[in-house]
Amino acid sequence: MRLGYFPGCSLHGTAREYEESLKAVAAALHIELEEIRDWACCGATSAHATSRTLGVALPARTLMQAEKQNLDRIFAPCAACYNRLASAQHALAHDATMASQIRSILDYSPKTSVSIINIAQLLSAQAGEIQKNSKAPLNGLKIACYYGCLLVRPPEVCKFDDPEAPNSLDHIVSATGAAPVAWDMALECCGGGFSLSRTASVVRLSRAILKSARSAGAHALAVACPMCHSNLDFRQQAINKRNRDGEAMPILFLSQLVGLSLGLDPIQLGLHRHFVSPQPLLDRIGMGKLQPERREQV
Amino acid sequence: MQELRDLARRLLRENQVNVILGYECARRGVRPAFITEAADCDRLVFDHRCVHNLAAYLSPRRTHVRALGRPAVVIKACDARAVAGLIRESQIEREETVLIGVRCGGVVLDPADSSPLSSGNIAPRCSACDQREPALFDHLVGEPKGAPAGEASRDARLSEIEAMNPEERLGLWIGLLGRCTRCHACRQICPMCFCERCIADKTQPAWIETSPHSRGNFAWHLTRALHLAGRCVDCGECERACPARIPLGLLSRKAARSVASRYGYVVTDDPAIPTPIGSFQFDDGQEFIA
Amino acid sequence: MASSFEPNIVAFVCNWCTYTGADLAGTSRISMAPNVRIIRLPCTGRIDTLFILKALERGADGIIVSGCHPADCHYTAGNYHARRRFAIFRDLMEFVGIDPHRVTFSWVSASEGGKWAEVVDRTTERVRRLGPFRTYPRLARGAGE
Amino acid sequence: MNTSAPSPASAGDIHSFPPAKSLLSKIRNAIGLDPVLCYQCGKCSAGCPMASEMDLKTHEIIRLLQLDLGERLLSSDSIWLCLTCETCTTRCPMEFDPAAAIDALREIALREYPDRVPRSISAFHSAFLDQIRMHGRVFEFGLVAFYKLRSGALFGDVESVPGMLARGKLGLKPKRIQGIQEVRRIFSQCATEKPR
Amino acid sequence: MSRIGVFICHCGENIGRTVDCVRVAHNLENVPGVVHSIDYKYMCSDPGQALIKQAIRELQLDGVVVGACSPHMHEKTFRKAAAAAGLNPYLCEMANLREHCSWIHEDRERATDKAIGLARFMVEKIKYNRPLATIRIPVERRALVIGGGIAGIQAALDIADGGREVILVEKEPSIGGHMSQLSETFPTLDCSQCILTPRMVEVAQHPNIQLLAYSEVESVEGYIGNFQVKIRRKARSVDEIKCNGCGECQKNCPNQKIPGEFDRGLGMRTAIYVPFPQAVPNIPVIDRAKCAFYRGKAKGVKKAVCGKCAEVCGPKAIDFDQQDSFVTEEVGAIVVATGYQLYSIGKAQESETLRGYGEYGYGAIPDVIDGLQFERLASASGPTGGKILRPSDGKEPKTIVFLQCIGSRDRAKGIEYCSKICCMYVAKHAILYHHKVDHGRAIVFYLDIRAGGKGYDEFVRRAIEESHALYLRGRVSRLFRNGDTICVHGVDTLSGEPVAIDADMVVLATAMRAQPDIASLAQKLSISYDRHGFLNEAHPKLRPVETNTAGVYLAGACQSPRDIPDSVAMASAAAAKVLGLFSNELLEREPLIARVDQLACTGCFHCERVCPYGAIERKQLKDGKGRVIKIVAEVNQGVCQGCGTCQATCPSKSVELEGFTDEQVYAAVNAL
């Protein structure tokens, strides 16, 4: 299966373990990821918060690139990127003025037929395969699936799951043999783009999410968004330092969980890159010690 | 006195009425008189011995009086209240009856007592009475009278009994009512007891036992007091008529006190004012209701 | 002694509110003292003070009179007239030494099954404490009976 | 809008309502939805993760919009606290789109009240967009550095840098995309004010 | 010696579980007068009822006591069974052994004793039961409808279409009521006149409807099925028979400048006038206070000052000497549809419980008008031909402000209820204004939007979303004149923003109030009304169009603020009640009513004072020679509802309530 691949900026930086795990899992499931050539940033919040046009134009360029590569499906693992691409496409399809504006900017009119899929869509379609090929089913693991905002909202853009009661991630997690826990804050915002600019808000919001997951008895949180991941993982040290909320909660990318169930090597999946060590998790499922590489080739 | 006699004579002469209900001298004291001849009008008297409430003779039940024809009746202030009651309760037509109001300075307890009126012999109700003349009359006769002698706090006894404990009260009334022989004189003389067939005489069913024992007597006197609540004009005739000398006024005055304190109702000689039983206010007191 | 005494209580109630309220107590299975026997009348307006005296004569230790709350009377005004009648009668009873605690007056609506049970139990308890009311029926002694 | 205590005297100088140039209509055009749709149920504010930190809650923002009270609305920093988590939009019973409205408001605010944008936030946005201008992508090390310069929060998070490096999460030399000119044209064409 | 049968029901386990039914039955066997006493599992079942019927027949029972559930449950059942076996149904009584015994007690012994006691009560009582026959009262199958607004019209038409005669009384010169003044109607915006006028004409032409316009109910005697209604026909000064409605008189009346009531003072009428062109009947009336002829006479001028109308009247219908006349009608049912009056905004209020809105300058500021005035402006047949123009200068208001809840939900002004229709008619006004005035700005001050009803909330949203009415939440504090505009001071409580609007016109959405003369009408009909003067229904949920006086029904806004659909629905409901009543020639009533022992009656009429229904009448007893012996009380069988208050009040107990006679109660108490 050939898929256009839009990693987005953070997968080449702070969230590189996301890409590492994705590539490993894709290989194991025989999915060919073809990276979009010379893609540009989706613009994220900063773009659409300051200029609606910019917020559409940047992703539009990427769609254009994909078309030139005649990719009919684009896989955007980063929920934020996915959301921007999908929103841009939606705007192009439904807002004539915007469409013409973009046309004049790119002097190209992107087709709106290209389908943009996120990791939830990709892996839930593969759930059968995952189960079939699972070498180390994660039995006994309790996972809180965290959808966050950008995967399922706004509903008219992200049509693939119920915006208020989604289950695609839970579906995937079940396929890994782990048990998705029922909890209440799977859709609450973690503070998103305020990680740097309003850290306090992020700490407040992320903490609530972690507490909820903990009280639901989760051993770990599964996420599909680098931004969420850094807020919940990287910022968690701060949170735990300031409060006694309990055990540190490992935050895993969905792809990492799937990778583990497929029996892939934790290091290959980048599990050692997390700030909150997933070691306790691995112990639970009887996996060896993580051997964090001393040196990192940059 | 002359004024009264002249008026009576005129009323008979002019055929305004056929009979004068008044008072005349008897062997001992005074007694009610039924004068149909103008000539006999000089027999009429009115003074402090005129105790009787002549309104009682207006009741349709007094057929012999009715037979005498259209009456004029001599009434004191207290009697006027009874007349008002009879009108209010459709027993007589106002225009069918000529009312000769007399100014009154109080009467003695016993009509046979000819000694001058004093705090010694005055009827207790009179010493408490502040109404020297009726408001309901066609003619008003007699000189203006001053307030009678005697202490005004006649209901001391009432309060005394109220202050007793239940057992004492029960004992007291068993003693008093035990004396009742059910001669029904109280009823016969009462201007407001005009029922064609008294409940006490009703036998199917016999709510009130006829045999004269305390239990039947309790039922009788309690029921009578209730029937008289807000209707009793406090003329004292029942007590006067009672051969057993039972202070029946206590019961009717207790009822009067009850309606006064609960509904601010006082018996008047205005026929237009409805009786407290038979009327109501939405916010009547109900402290005794759970 | 008094504790083993089971008072004999008769209740005169109106058909529309209290009788129906008592029915409700039944359908709601609210348990209450078995000492009270109901006599049904259409309206408190129909309840005569003679009923009370006769009941006492016949050896009732306590009496309940109950009907519709003010403004709820099925016949619009019966309960208002009853209220005055009983107020004055109660004063008279008290005056002659018949303990008014033996007679409970209450408003119990068709929806107050619970309240009816309370009225029944409270009255039963009060009368039980007062003991049997032999004095009144026995007033007939020495004469006639 | 006259907010002075109403009195017959002041009645004369009260100008008519609503004000001539209408923010309301601008937003209506920008998002293709009419803010009058909102009936002020407050479900948006109730679900807003940032509500506790906003002086104007989401529904109040919409109300002021309905009343065309641009001044009071744009001069508040509440619109800048919106995370665009889209919760409000998802739950709006009248199918209005508060998130989009707030985006549109920010765009106008940036032009009309640039100095009202909270420093840290404007710093972040410009640092972020600069990264794209320069490289076509966001180069996080650069983002952090630029952000610190702009926001003045120089030492915030410094302690975390080693950890980031140790985990190989921070690349040190940026890569530039070939189509960078194209990207820059996009920026110039979109004519976004550079938030200062 | 009576022959009583006692039947104790186990009600399956319901009674049997706690009450020893066998013992109860045995015990009752030994009660004197009881000839038959049995227990059975289900007395109400067919075999159970069969047992009773059989016993009645075979043992010639003259009384049946069923010890079972509550009489409210099965009294009818068992009385029917008794009747079927030839026993008078009122010789069958129930002892409540379930709700009042087995269900509320545990102790089997004591419950059984009590059950015996309850049954005894009934056995003793029934010895004194009398066979009673259902009362049948003839019903005069004609109806009176009071009020010719939409409710009265609907009720009259429904009853008339049901084949019954109707007398429709309207106090104004024409029927139509407030609805005829309306421009369009919410939420459909169809023109009020267009839907109303045909109904009015139908009334005029309906063979079963006798329309008495410009008339009022003078007095009402009698009771359900047999009312005598005296109606005053006010003098029109025009002969209704002769008049052909040509309108010449109006054209020629010299006094053309009288502010018209129909147009709420916004238009003018003549001294002899028809309130509006579509009036039914189309017969003018002379306003004697304004007519030169009468004013001349009042001043004592000998020769007629004016007679123009009479001169020009072809059929010579003008009758200056006409006097009020009276007709008396016999009817069996009465529908009250007297509608409402508008709350008067000004400082002066005719009721001391109400206060006006000085702060809104109604009457002082010419361009502050009320909702009904706006209706007239918006109405195509109105004084401006449907244009929205300011009374002051005839200019088109570019900014218009509507204030809701004027006189509604305002304790301080004496009305705390919600008038129900204002939210909707204001929305309608906003929409109409939007249609009629280009670039107009409509602003509404509201407290809440009460738009429950089919298509109602959608309608309000339409005013907001399509007609761009700006809804501000809050009450306006005061209106100030500001040159030729009106300055409106308020606060939008949603934003906390003080608002001051320069408006060209302000419309006050005034409350609905009860009719001013409602008390006297209510007394004539002996029905009750609430503290605001709205007539009381018999039961707020289950008997919404009946009153506590049998045979009198309610329709429309006389009962509480109502809009047109509600009023019409109520009217049809009332009509259905009336037709139901008329479906029989005789009205059947339970015979449980009071009866006077006229020999014993003393005629003190305490009973008359306490009777809630005025069922006590005075009757003269005469001797052979026709001389009145005494006047005694008599119970009107049609009116008495059987509460028995008369009997408890009667000092001599000369009045008996059938079914609950003294003998019956006495016997029961004796069984203690």
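How far apart are the nearest C-alpha atoms of chain A and chain B? They are 51 Å apart, and the two chains do not touch.

Welcome to a predicted model, in which local features need pLDDT of at least 70, side-chain atom pairs count only at pLDDT 80 or more, and totals for chains, interfaces and linings use all residues. Residues are numbered from 1 along each chain as its sequence is written, chains are lettered from A and ligands numbered from 1 in the order in which they are written, and side-chain values use heavy atoms, with hydrogens and water left out.

View 1. Chain A does not touch chain E, and 22 Å separates their nearest C-alpha atoms.

**View 2. A β-α-β unit in chain A.** Here β1(A), helix α1 (residues 16-28) and β2(A) form a right-handed unit. Right-handed means that, with the strands pointing away from the viewer, the path from the first strand over the helix to the second runs clockwise. Helices (H or I, at least four residues) and strands (E, at least two) are DSSP runs, numbered from the N terminus. Strand β1 (residues 2-5) of chain A runs parallel to strand β2 (residues 32-35) of chain A, joined by four bridges; two strands pair if DSSP finds at least two bridges between them. Look for Y5(A), whose bridge partner in β2(A) is E35(A).

**View 3. A four-stranded sheet in chain A.** This open sheet has the order β6-β5-β7-β8, with parallel pairing. At its edges stand β6 (179-180) and β8 (251-253) of chain A, each with a single partner strand, so one side of each lacks a neighbour in the sheet. Three bridges link β5 (residues 142-145) of chain A with β7 (residues 220-223) of chain A in the parallel sense. Opposite C145(A) you will find A222(A) in β7(A).

**View 4. Two helices of chain C.** Helix α2 (residues 49-57) of chain C packs against helix α3 (residues 78-96) of chain C at an angle of about 45°, with their axes 10 Å apart. Axes are lines fitted to C-alpha atoms, for helices over the stretch in contact, and angles run from 0 to 180 degrees between N-to-C directions. T49(C), I52(C) and L53(C) in α2(C) meet R85(C), F86(C) and F89(C) in α3(C).

**View 5. Two helices of chain D.** The axes of helix α4 (residues 58-66) of chain D and helix α7 (residues 98-112) of chain D come within 11 Å and cross at roughly 65°. Residues meeting here include I61(D) and I62(D) in α4(D) and I102(D) in α7(D).

Notes
Contact = heavy atoms within 4.5 Å.
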